[in-house]
Each structure stands twice: as structure tokens, then as C-alpha cells.
Amino acid sequence: MKCVGIIGVGAYVPENIVTNFDLAKTVDTNDEWIRSRTGIEERRIASDDMDTTDMAIIAAENALVNAALDASDIDLILVATATPDYAFPSVACLVQEALGMKNIPAMDISVACSGFIYTLVTAKQFIETNTYKNVLVIGSEKFSKIVDWNDRNTCILFGDGAGAVVVSEVSDGKGILSFELGSDGAGAKHLAVCKETNTVTMNGREVYKFAVRQMPESSLNVINKAGLEKAEVDFLIPHQANIRIIDAARQKLGLKKEQVSTTITKHGNTSAASIPLALHSEIQNGRVKDNDIIVMVGFGGGLSWGSVVLRW
Ligand code: ACO
């Protein structure tokens, strides 16, 4: 069986920083509440003229440079997003046109915050079966356009941004060692976009309980499937939704604080972009190193979850 992994990573976050203090001027909240309940200090918010596709394009260009590939080397584009510019055409098709990747297949995959793991695993299937060679996988979200900025329960949580990776065959023993995808539609009502207002509604407590249970369970499942012990895990890149959820998962996996990505402090919850954005940051920080065993785990609307173990 081919080994499939990530050979290039790119990211983009908007320049505009919105702090907790900024939000406290418009809704009844404060920096202390947001920090202690979520870990978030600030988030990036895209300007009106920048949509999900614009951010996806920049992240994709960066990933291609990082992979030392040309746009013409890519033979499939997959975009994870819950906030596409349009119902159709897909963000993926708009990226294809912008980067001049003529005629290759391109599609969006909608699994909310779990979307990046789903697209990564989908890319792996196509490469393993020799269908495609280099797959561009992007997570891009402009959540700010579906947030009710008067609802303090939700507006403090989200941010905008994009992350992209190039997925290809890698050398023996490296790449994705195992994965798990799952969903539970019975929990659909807990996290949704309201039809009437087109804004996010959330039962925070229920999503919290689900995440605290599902993130460590799914992580342990993929560690076992890969034939590894949890002590062999070097680094955890969880979906960045709440520092307390991340910390609960960290403790169940027996990891130290420095073995876990917590970019939520600066980015907030960027949904499908959060894991590739965190990966990009941790590579820059030198915390993801050659041969490391990394667990990536996402959860979100659906309810849904997904995780992978990979050797970097
Ligand atoms: N500032 C100040 N007070 C607030 C705020 C705020 N921004 N928001 C809520 N409160 C108040 C509430 O009104 C409540 O007041 P009350 O006791 O008088 O009723 C009090 O604070 C406590 O509210 P809780 O909901 O109990 O707070 P909790 O500790 O559960 O934290 C939070 C809320 C942060 C939303 C938490 O439940 C959470 O993180 N849940 C998971 C969210 C998540 O992971 N979402 C994923 C989205 S992923 C995707 O697919 C899009």
C-alpha cells in the first residue's frame, strides 16, 4: 500500500485583529469571561471584500510553494468549508480558475469543523488507488458572515482564515497511518445555521459534552488502529474550538501542554480551517518535527468528528 502524507502547507489569516476588548464594546461580555471559558484572546476577521475563496487561494498558493510544486502538478482540488461564497459554484472551482488548473476535478466537502479531516482522508483514498497523484486540500472559512454579532453566546467564538496542504505519496513509514470518520445526526440540532436568519445557533453545553467525550475517544481509536501506544504520540493538533475541550483531550491522552497546539488564543475557532492553520503555525514554531507522530482530531456540526494519526 502506498504511503500518503502532506508534502506542503500554506495558510492565510486576515490582517484585521478583533480582541476580546473590542467585542466588549458591542456585546455584554468581557475579556476575563472569554479567556477563562474559551482560551480565546483575539481572532482575525476578513474585510467585506474578502470572501472564503480569496483566503483559500492565498493559502493554496503558499502550500504549492512550500511543496515546491506548480499549479499544473495538482490533479484534484478538495475544499472543506461551511461558508462557501455561493451554494454553487464551489469554492474549489473558483480556486481552480484562479490558479489556472484547467479541467481537473474540484469539489467542496461540507462537514463543518470536521471538514479538513474528511477532505484529507478523501485525498488519501484517491492517491492510494492511483487515481490522482497530487491533491490540493484546503480548509477555508469566513464564519464572520454567518455569526450573529449581537449574540454573545456565539460571536465571541469564531474567526476567519484558511489553511491548505498538498497531499501526495511520501516515503515508506511516513504519512497517514490510520484514520476514523464519524457522525451522529441525532445531534444536528445542537449546532446549526438558522434558516430564517442565516446565523449560527448553538447549544454550547451539549456541543461541549460531545466534544470532551468524542475528541479523546476518536484520538485513542486512531492511535490503536495505527498499532501505536498513546505514549508514542509526539504532538496533538486538535480542532481549535475551546481550550478547555483541548485540555480535557490532552489529559486523557497523557500529553504535556507543550505537546498540544493551542492556536485558538490568536485565531479563535476557524472551523474547517483550524487544523491546517494550527499545523502551519506549529511548523513555523518548530514544534512539528521530522518523524514525529502527530494526531489531528476534529469535531463539529453534524454532529461529526474525524481523526488521523500521521508520521511527519
Ligand atoms: N460573555 C459573558 N457571559 C456570557 C457569554 C459571554 N460571551 N456567553 C454566555 N455568557 C453567560 C451565559 O448567559 C450564562 O449566564 P447565566 O448563567 O446567567 O445563564 C453564563 O455565561 C454561563 O454560560 P454557559 O453556557 O454555561 O457557559 P459555558 O461555561 O458552558 O461556556 C461555551 C460556553 C464557551 C460556549 C462552551 O459551552 C463551549 O465552548 N461549548 C462548545 C462550543 C463549541 O465547541 N462549538 C464548536 C463549534 S464547531 C462547528 O462545527 C462550527
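Colleague: Among contacts between residues at least 6 apart in sequence, what share joins residues at least 24 apart?
Modeller: In the protein chain that share is 77%, two residues being in contact if their C-beta atoms, placed from the backbone, lie within 7 Å. Please note that this is a predicted model, in which local features need pLDDT of at least 70, side-chain atom pairs count only at pLDDT 80 or more, and totals for chains, interfaces and linings use all residues. Residues are numbered from 1 along each chain as its sequence is written.

Colleague: How many helices and strands are there?
Modeller: The protein chain has 10 helices and 13 strands; these are DSSP runs, helices being H or I with at least four residues and strands E with at least two, numbered from the N terminus.

Colleague: What percentage of the residues is buried?
Modeller: Of the 312 residues in the protein chain, 52% are buried. A residue is buried if 20 or more other C-beta atoms lie within 10 Å of its own, exposed if 12 or fewer, and partly exposed in between, with C-beta atoms placed from the backbone.

Colleague: Turning to the ligand, which residues are the closest?
Modeller: The closest are Thr29, Cys113, Gly204, Ala241 and Gly300, from a shell of 23 residues, each with its C-beta atom, placed from the backbone, within 6 Å of the ligand. Two or more shell residues come from each of helix H2 (31-38), helix H6 (152-155) and helix H7 (204-225).

Colleague: Which of them gives the largest share?
Modeller: H7 does, with 5 residues.

Colleague: Why does threonine 29 count as partly exposed?
Modeller: Because threonine 29 has 17 other C-beta atoms within 10 Å.

Colleague: What is threonine 29 in contact with, leaving aside neighbours within four places in sequence?
Modeller: Threonine 29 is in contact with Leu23, Ala24, Ile34, Arg152 and Ile156. Threonine 29 also lies 9.3 Å from asparagine 153, C-alpha to C-alpha, although the two are 124 residues apart in sequence.
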